[in-house]
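Please open the model in your viewer and keep the sequence beside it, so that each selection can be followed in both.

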Amino acid sequence: MQTVSGVSLFWENAYGKNYAIEVSDDAVSWKRVFERENGVGGNEFIQFSPVQARFVRLLGIKRATPWGYSLWEMMVH
């Protein structure tokens, strides 16, 4: 387990308009720690209250383009 307090998202042209960041201890039950409803793509730096977690995921809710979601990189802080 590690303390997690944010992520950096480096999107390609197919970015998420609405998405959430979730964390988990066991990869079965997930806790939502951040949700964005008007993503702009490019490089997004997200901070949230520190939590203990083993797994971190990006959950796509709504695409900004018809081509899905595409990240160059996701960094966990």
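The tour below moves through the aromatic pairs and then turns to a serine in a strand.

Bear in mind throughout that this is a predicted model. A search of the whole structure finds 2 aromatic pairs, and the tour takes them in turn.

Begin by selecting Phe10 and Phe45, whose ring centres are 5.9 Å apart and whose planes stand at 80 degrees, so the pair is edge-to-face. Colour the strands next: Phe10 belongs to strand β1 (residues 2-11) and Phe45 to strand β4 (residues 43-53), so this pair ties together parts that are 35 residues apart in sequence. If you then show the surface, Phe10 is buried, with a relative accessible area of 17%, whereas Phe45 counts as exposed at 58% relative accessibility.

Move on to Trp11 and Tyr19, which form a tilted aromatic pair, with 5.6 Å from centre to centre and 55 degrees between the planes. Here Trp11 is buried at a relative accessible area of 5%, and Tyr19 is buried as well, at 0%.

Finally, select Ser24, which is found in strand β2 (residues 16-24) and is buried, with a relative accessible area of 3%. Which residues does Ser24 touch, not counting those up to four places away in sequence? They are Ser29, Trp30, Ala53, Arg54 and Phe55. Of these, Ser29 deserves a distance label, for its backbone oxygen lies 2.7 Å from a polar atom of the Ser24 side chain.

Methods: Residues are numbered from 1 along each chain as its sequence is written. This is a predicted model: local features need pLDDT of at least 70, side-chain atom pairs count only at pLDDT 80 or more; totals for chains, interfaces and linings use all residues. Side-chain values use heavy atoms; hydrogens and water are left out. Rings of Phe, Tyr and Trp (its six-membered ring) pair if their centres lie within 6.5 Å; planes under 30 degrees apart count as stacked, over 60 as edge-to-face and the rest as tilted. Helices (H or I, at least four residues) and strands (E, at least two) are DSSP runs, numbered from the N terminus. Buried means under 20% relative accessible area, exposed over 50%, partly exposed in between (1.4 Å probe, protein chains only). A polar contact is a pair of N or O atoms within 3.5 Å; within protein, one must be able to donate a hydrogen and the other to accept it, and residues adjacent in sequence count only if both atoms are side-chain atoms. Contact means heavy atoms within 4.5 Å.
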